[in-house]
Amino acid sequence: MQPAEGYFRALFSAAVTLTLAILGSSLLPVPYAFSKTGVLLGLLVMLVVAGSNCLTSLLLLKAAGKTGHDSYEGMALAIGGPTWKVLTQISLILLLFGTIVGDFALISDVSARAFKNLAAPDTPPAWLVAYDGRGTMCLFALIAVFPLCCLKGMRQLEAVATVGVVVILGVLAVIVQSSIHAGLPAIKSGELPLWKFQSTGQLPEAFVVLGFAFYLQPMMMPLLHDMPPGPTGLAITSTAVKIVILGVACVMYGTIGVFGAARFGQATEGDCLVNTWLGGQREGWMDLAMTLFLSISIPPMQISLRYTLDSLIAGEDAPFQLRRHMAETSGIVVSSLLVALIFPAYAEKIFAITGATAVCIVCYVIPVGLHFKMRANEKLGSPILSQIEQEQREVQALLLPNGGDDRDPDVHLDVRSSMDSDQESDSTFNQCWQTTYQVVLPVAVVLLGVSLSLAALFTTCKQLLA
């Protein structure tokens, strides 16, 4: 990045890239989840999960500022030691690889449907739609996924991320317009309650969909690596995370969830594009646009996975080598594509189980565990953390408005150490506030993550046994 780049220019780049990373294929099942929860419960669950993921993301950025590491596993090693590093690496690889495989499988479904609708009433070429769309899966992997995955860093996706946001806004506009034009039938009939809570056997499955729609932590750290070094990059990334999770993602998920479920009610499919929105060739063009979006949403995960593998193979902050870069990129794309081609149905179920466990560990358990471990290290006077005490104060000055006032309501940017807090006011309010933010909320977040993981495992096992 050029030194002359302005704050808002870098913030836009970070926000639009993280928007592509957080949305991806997570949009499509959200209307199904709302159809099972009802509007009020769906929105409440969504907001709780969004707040939890925002908190753990900012805890990770706090750890990055204190340790001087911009990789997830580097922070885990510095704070928790080798065991934490290995746990982090395994969880990241399982989560990201499984998600890429699942997205390839989804591309095959959506693209095959697109070409069938576009060719109607004729039949599209067999190689495009035969074998559940595996031909189109390979086509988009070749022309879109692989070239973008070859990019060196996360911020180089900014241009295609902007295109992706435009595409998804177009799809959202179609769903909203179609639902309003139809008169919001599920709401009018009471099939989709606005204020009452649904009580159905599909609630655990709905909670899983909403619970895993907001994870951003694995993609956030490679982005931080591409940001300006030091406190400035941390400040920009922290602001972008809040904008994307609490703003963009909540608005988009809430919009597609409410209007998608209001159109079809209990008939809403797990992939909402399976329902008919426009019909005919117009439906095909919308599916094709969504296929493009799914294709360009894979590279953020692939770059994050490559970032982890490169750290494992060559070490953190190893010099860039084109041969190693291309070998890692090709290995990830080809292996995940092969799994999706050979075992599409089985791979989806297997990675649903591993993904449920990995999301819980990566997005809830490890960030909170590192938070408590870091607090303990601070109290013991850890040499690693004391060496960067000056940088820590600089981060505080940038991330905390009003000069770091301890009564600042923006708790998500609290980067003070426990040594600093010992010198602050001993007021009852401040003590309660610090206890809530530093202890109660992190514990509650872990309990939420474990509950969602158990719900996901229960739902997947139920589907396997059905």
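This is a predicted model: local features need pLDDT of at least 70, side-chain atom pairs count only at pLDDT 80 or more; totals for chains, interfaces and linings use all residues.
Among contacts between residues at least 6 apart in sequence, 82% join residues that are at least 24 apart.

**The second largest pocket**

- The volume of the second largest pocket is about 630 Å³.
- Three helices, α10 (217-226), α12 (280-314) and α13 (322-342), each supply at least two residues of its lining, and α12 gives the most, with five residues.
- Sorted by class, the lining of this pocket holds eleven charged residues, nine polar residues and nine nonpolar residues.

**The largest nonpolar core**

- The largest nonpolar core is made up of 130 residues, and those with the most contacts inside it are Tyr-72, Phe-104, Phe-214, Tyr-253 and Met-290.
- Helix α11 (residues 231-264) provides the largest share of this core, namely 15 residues.
- Once neighbours within four places in sequence are left aside, Phe-214 is in contact with Ile-22, Met-46, Val-49, Ala-50 and Asn-53, and also with Ile-245, Ala-249, Cys-250 and Tyr-253.

- Helix α2 (residues 30-37) is largely enclosed by the rest of the structure, because eight of its eight residues are buried.
- The buried residues of α2 are Val-30, Pro-31, Tyr-32, Ala-33, Phe-34, Ser-35, Lys-36 and Thr-37, and what covers them includes α3 (39-67), α9 (203-211) and α11.
- Just after α2, the residue Gly-38 takes a positive phi of about 85°.

- Although Pro-299 and Leu-151 are 148 residues apart in sequence, their C-alpha atoms are 8.6 Å apart in space.
- Not counting residues up to four places away in sequence, Pro-299 touches Val-145, Leu-148, Cys-149 and Leu-157.
- Asn-275 is placed in the loop between α11 and α12, and with a relative accessible area of 8% this asparagine also counts as buried.
- Asn-275 and Gly-260 are 15 residues apart in sequence, and the distance between them in space, C-alpha to C-alpha, is 9.5 Å.
- With neighbours within four places in sequence left aside, the contacts of Asn-275 are Phe-264, Ala-267, Thr-268, Glu-269 and Glu-283.

**Cysteines**

- A search of the whole structure finds zero disulfides.
- For Cys-150, the closest cysteine sulfur is that of Cys-149, and the two sulfurs are 7.1 Å apart, which is too far for a bond, since a disulfide calls for a pair of cysteine sulfur atoms within 2.5 Å.
- Cys-272 counts as buried, because its relative accessibility is 1%, and the cut-off for buried is under 20%.

Methods: Residues are numbered from 1 along each chain as its sequence is written. Side-chain values use heavy atoms; hydrogens and water are left out. Buried means under 20% relative accessible area, exposed over 50%, partly exposed in between (1.4 Å probe, protein chains only). On a 1 Å grid over the protein atoms alone, a cavity is a set of points where a 1.4 Å probe fits but cannot get out, and a pocket is an open set with protein on both sides within 12 Å along at least five of seven lines; lining residues have an atom within 4 Å of a point. Grid points are joined across faces, edges and corners, and a volume is the space filled by probe spheres set on the points. Helices (H or I, at least four residues) and strands (E, at least two) are DSSP runs, numbered from the N terminus. Ala, Val, Leu, Ile, Met, Phe, Trp, Tyr, Cys and Pro count as nonpolar, Asp, Glu, Lys and Arg as charged, and the others, Gly among them, as polar. A nonpolar core is a set of buried Ala, Val, Leu, Ile, Met, Phe, Trp, Tyr and Cys residues joined through side-chain atoms within 4.5 Å. Contact means heavy atoms within 4.5 Å.
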